[in-house]
Amino acid sequence: MLTVKDLSVMFQTRRGAVDAVRGISFEVSKGEILGIVGESGSGKSVTSYALMRILDIGGTIKAGEATYSGVDLRRAAERDMRDIRGREISMIFQNPRAALNPIRKVGHQIEDVLRQHAQATRYDARRKAIAAMEAVKINDAANRYDAYPFELSGGMCQRIVCAIALACNPRLLIADEPTTGLDITTQKAVMDLVRDLIRERNMSSILITHDLGLAAQYCDRLLVMKDGRIVEQGDPTQIFSQPQHSYSRKLVDATPRTGASVRDLLPKDMRAAAPVLNPSSAPILEVRNLVKTYAGKSGPVQAVKGISFKINRGQCVGLVGESGCGKSTTSEMLVRLMDATAGQIVFDGGDIAKIPARAFAKDPRRADIQMVFQDATDSLNPRYTARQTIAEPLRRLGKMRGRARSARIEELAGLVGLPLSLLDRFPHQLSGGQKARVGIARAVALEPKFLILDEPTAALDVSIQALVLNLLVDLRAKLGLSYLFVSHDLHVVRLLCDHVIVMKDGQIVEQGPAQQIMVNPQDDYTKSLIAAAPKPPERAIEIPRPELEKTHVEQTAIHDKRAS
Amino acid sequence: MTDTTPTDLPRQKGQMGHIIYVLRANPVTLIAFGMFAFLILSAVFGPALVPYDPLATNASNALQPPSWAHWFGTDQIGRDVFSRVIVATRLDLTISVAAVTISFVVGSVLGCIAGYWGGWLDIILNRCLDTIMAFPLFVLAMGIVAALGNTVENIIYATAIINMPFYARLVRAEVNIRRDAGFVRAAKLAGSSDVRVLATQIFPNALPPMMVQVSLNLGWAILNAAGLSFIGLGVSPPTAEWGIMVAEGANFIVSGEWWLALFPGLWLMFAVFTFNLLGDGLRDIVDPRKRT
Amino acid sequence: MAKTFPRLRAIGWRVAQAVPVVVGVVVISFLLTRALPGDPAVYFAGVAADEASIAETRMAMGLDKPLPMQFFHYVGDLLQGDLGQSLTSGRPVSTDLANRLPASLELTLTALILAIVIAVPLGVLAATRPGTWVDHLCRIVVTAGVSLPTFFTGILLIYIFYYLLGWAPSPLGRLDFIYLSPDHVTGFYLIDAALMGDWETWWGAAKQLILPATTLALFTLAPIARMTRAAMLTALSSDFIRTAKAAGLSNRAVLYRYAFRNALLPVVTTLGMVFSFALGANVLVEKVFAWPGIGSYAVEALVVSDYAAVQGFVLAMALLFVALNLMIDLLYTAIDPRIGFEAK
């Protein structure tokens with residue numbers, strides 16, 4: 001149906017030409033769902049834009065062929081391409097809210113496509129648009145027709161984007177990271193819907209994603225891309241059980257999955273022995289009936305509704321929930337950046353909720369509670385070098401000066417695996433993984449007793465996530481830290497945590513030992529969370545391969561570069 | 001920061017290198033800085049170097065077109081236009097730099113307070129700014145100078161007042177978006193007080209867009225001051241000032257003596273143009289992200 | 001119904017917000033009249049006043065009373081439309097302003113329409129064809145436009161089109177003396193002459209208007225073109241444009257229905273600033289072209305220290321600008337469906 005041969009795409013940038021895709025070949029046959037998997041910068045999205053000929057300015061197809069049902073997509077006239085787009089080949093995108101025209105009614109946006117491709121006239125456009133909305137399982141479609149994108153939820157917006165894409169019954173659907181940014185239960189709903197529609201209409205599809213687990217679950221065949229090349233292709237089960245290329249093996253390893261330990265995420269030769277962790281049963285932090293109420297526009301909004309839990313010394317507790325569940329509010333209160341409305345936070349025997357957040361900077365316990373922030377880019381001051389960033393807590397709270405401070409900074413850099421030569425770089429000169437390391441070094445600089453990790457790996461590629469998660473485990477063992485790990489991803493939480501708390505709508509719906517929650521959840525919401533997580537195929541027992549792996553340092557450097 | 005440690009040294013060295021890098025990387029910036037240097041030099045040394053006394057009249061030599069002796073010609077009472085144009089640089093630059101400095105400082109402080117703490121302070125400040133902005137700005141400047149009196153200082157104050165809202169708004173917005181940024185929260189965790197966070201973490205990050213504003217405003221301020229003089233406010237004759245010279249020259253344009261108005265007008269344009277070009281270069285210099 | 005309700009409330013809220021601004025404007029203009037260094041009565045009585053008339057002015061303006069009383073006095077006068085007497089014309093300032101306002105409005109509005117008609121297409125073309133001559137032209141216009149002192153451009157245009165080429169009529173006022181001014185209906189000569197069907201006068205008025213309107217338009221063009229170009233570039237690089245393209249929509253639909261309508265929002269917002277510049281520059285242009293509007297009235301009043309006239313002018317301009325801003329915001333509310341729904 002679609003044949004791509006030696007496709008190369010080049011971008012003309014201010015720093016000269018950049019090859020984004022370097023001669024890839026693949027086919028999509030009728031009724032097949034093909035997955036293209038790769039980390040950021042692998043050229044997977046560019047490939048799809050090239051097929052649709054909607055590359056950004058400066059991008060050109062340098063060489064190769066792309067044939068769709070006998071039509072040469074590279075050389076077809078722009079007029080013919082316009083007829084193909086939307087009617088023969090459609091696309092859905094990541095970040096559905098931004099993918100819709102913000103000031104046009106969603107119904108009209110669907111009509112635009114129908115009428116462009118002469119699938120509807122002025123008289124029946126409304127009816128057909130509503131039918132297209134019903135086809136993507138939008139309840140009450142006639143009423144939603146008049147809605148603007150900002151009035152709809154993210155999942156609903158993605159359904160509208162699907163309705164636009166499928167309105168004219170195309171034969172091929174390209175889905176570019178369709179669920180990135182959506183909550184995990186919404187992700188499952190959208191993916192199931194897309195798969196069902198594709199199967200129902202006997203369409204073909206290309207699913208582009210960074211999530212190997214998701215691709216494996218929904219695709220018939222996978223391509224693994226790296227640096228604009230296809231490094232491996234094949235059946236998902238086969239790629240998972242016996243990856244041929246060292247890169248796909250690394251990707252498979254790094255994908256969190258049932259039964260794997262945090263060490264299993266690393267390439268085999270990098271796996272150190274599991275660290276010895278011995279959490280005690282004495283609590284370091286105890287939360288009692290914690291409440292946070294905001295003054296909302298229409299009355300007070302209760303973000304956290306009286307939660308209680310305990311964290312023992314040396315323990316790692318996971319706090320899991322979807323966006324808006326109150327987990328971030330909770331962590332802000334625990335780290336004393338935000339005042340609680342009611343309740344107690346007993347830390348090391350004293351109630352710190354009584355001390356206003358503003359005054360806590362002067363409290364002797366300030367150094368004991370620290371945090372690693374979600375977005376490594378946002379959490380580093382763009383005007384400070386890595387060294388200055390790490391120096392900040394040492395200077396202010398540690399009162400360290402001169403040589404002692406320099407020595408400590410270098411010691412910390414070593415601890416988090418940040419090469420000393422990078423210390424004098426600004427954040428924009430560092431990769432995502434390196435920035436995460438700087439953030440962690442800053443957080444552990446004063447040897448805190450309790451560390452809150454707020455989705456520390458959410459913005460990272462999986463291979464970098466694997467490295468950072470292992471670093472966190474090692475630090476916990478080495479420094480005897482207690483963690484509160486805040487995340488939306490149960491798989492990741494399970495890797496690190498002994499104990500898991502599940503939150504929904506400001507309340508704790510379930511908590512217990514990690515293993516028990518994962519295997520035998522009691523609450524319906526927990527069950528739906530676990531069911532929604534993509535399930536990659538089990539990994540088969542590995543056959544040792546003779547191929548030489550690169551050394552650890554080299555690999556880290558390469559992938560860190562990619563991640564930026 | 002008083003405690004200079006080895007960690008701060010490379011940065012100092014880097015700043016100079018960075019300026020040179022920015023100037024080299026963008027020829028437009030280099031030209032703009034060259035033009036700016038020329039303006040500064042004429043402001044500083046111009047009065048000492050010009051060939052004629054800008055105020056000396058010579059009735060027998062009035063209204064002469066440009067010649068070797070008088071590059072820009074002479075005016076209706078025989079004063080050398082070239083000397084007057086160059087000498088006026090100092091006054092016009094002083095007015096604009098002083099006005100922009102005042103509005104930069106006051107606007108930054110107000111904007112920081114409103115953007116960081118928000119609440120009723122923010123509401124009051126916004127109302128005040130709205131009121132200032134509710135006047136067409138040049139008209140407000142006219143009103144202020146008319147009320148306070150025709151002096152150079154009052155022109156500076158009036159210009160500062162009408163420019164201040166731009167800085168306050170800009171800083172407020174820049175501070176507001178960074179108020180809850182990760183690095184700000186991290187600085188609080190490192191034990192920094194609110195004021196320290198504001199001064200060392202947030203405000204410096206607002207500098208790059210502010211530099212663009214500063215350069216645009218320096219241009220506006222000159223236009224504004226010249227405009228006020230043009231309609232007879234502020235600087236009074238026979239002082240050499242570009243706006244007055246254009247105003248005086250305007251009377252002769254319909255009889256064909258173009259040089260009286262043209263040269264001061266061109267100089268004024270040149271100055272404003274220089275400041276407008278300067279913006280991007282200044283921003284690149286204060287923006288560490290431009291370092292490679 | 002449920003949909004229109006929050007929008008109506010947003011509109012009502014916006015109108016209500018104009019109230020404190022008007023109050024602020026009145027307070028500032030009151031302060032400006034009383035902040036005169038020395039004795040305000042001396043200023044308001046004029047240069048030629050003797051002791052008796054100064055005392056009379058002081059009594060008439062209530063300057064002998066405490067400040068809050070003076071303020072109430074001032075507001076009371078304002079409510080009756082009393083801005084004081086002009087020393088030069090001897091008429092009430094409000095009458096003078098009302099007589100001269102149409103001339104200013106005709107000039108400013110013509111210039112703004114001219115500027116928008118040129119700048120918006122220029123900005124759109126520059127954004128859709130980056131790197132071409134249109135883009136370069138746009139960039140030159142934008143950079144040069146903000147550097148041009150309006151009074152200087154006006155003089156330059158007079159020199160070229162009046163003195164050198166002789167195309168333009170003598171730059172003195174709205175109508176050459178050979179024509180009779182049209183009957184007063186709107187006060188806009190172009191409209192009034194057209195209403196009378198007197199096309200000769202219409203053409204005479206148009207010829208007088210071209211140069212000052214062009215001068216003012218050149219100045220206001222730059223910010224509009226710059227904003228249009230930037231807004232259009234932002235809109236064109238948005239995700240929803242990619243969706244529209246991937247759905248096979250025609251270039252026209254993508255450009256106008258999707259990109260341009262979104263780009264209009266920031267452009268409309270900048271119009272407020274542009275109005276501010278235009279009204280300010282209007283004063284200078286009126287002086288250069290001896291245009292009998294309220295700007296040149298204020299300039300003439302300044303020369304003879306006629307303070308009541310100057311302050312009346314400042315207040316009138318501010319109120320005009322507040323009204324214009326209100327209209328812009330209401331227009332914005334009309335084209336952006338998100339207004340009134342702050343929560344995401």
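Tutor: Chain B contains ten helices and zero strands, where helices (H or I, at least four residues) and strands (E, at least two) are DSSP runs numbered from the N terminus. In sequence order the pattern is α-α-α-α-α-α-α-α-α-α. This is a predicted model, in which local features need pLDDT of at least 70 and side-chain atom pairs count only at pLDDT 80 or more, while totals for chains, interfaces and linings use all residues. Residues are numbered from 1 along each chain as its sequence is written, and chains are lettered from A and ligands numbered from 1 in the order in which they are written.

The C-alpha trace of chain B spans about 75 × 45 × 30 Å along its principal axes. Counting contacts in chain B between residues at least 6 apart in sequence, 70% join residues at least 24 apart; two residues are in contact if their C-beta atoms, placed from the backbone, lie within 7 Å.

Within chain B, one helix pair can be followed in detail. Two packed helices are described by the angle between their axes and the distance between the axes. Helix α2 (residues 27–49) of chain B packs against helix α10 (residues 259–286) of chain B at an angle of about 135°, with the axes 8 Å apart; axes are lines fitted to C-alpha atoms, for helices over the stretch in contact, and angles run from 0 to 180 degrees between N-to-C directions. α2(B) and α10(B) are therefore oblique to each other, given that angles under 35 degrees count as roughly parallel, over 145 as roughly antiparallel, 65 to 115 as roughly perpendicular and the rest as oblique. The crossing of α2(B) and α10(B) is left-handed, that is, the near helix is turned anticlockwise from the far one by less than a right angle. On the α2(B) side the meeting residues include B:Phe33, B:Phe36 and B:Leu39, and on the α10(B) side they include B:Ala271, B:Leu277 and B:Gly281. The residues of this contact between α2(B) and α10(B) comprise nine nonpolar, three polar and one charged (Ala, Val, Leu, Ile, Met, Phe, Trp, Tyr, Cys and Pro count as nonpolar, Asp, Glu, Lys and Arg as charged, and the others, Gly among them, as polar).

The contact between chain A and chain B takes 30 residues from chain A and 24 residues from chain B. On the side of chain A, the elements giving two or more residues are β16 (369–372), α12 (386–396) and α13 (402–416) of chain A, and the largest share, six residues, comes from α12(A). The side of chain A that touches chain B divides into eleven nonpolar, seven polar and twelve charged residues.
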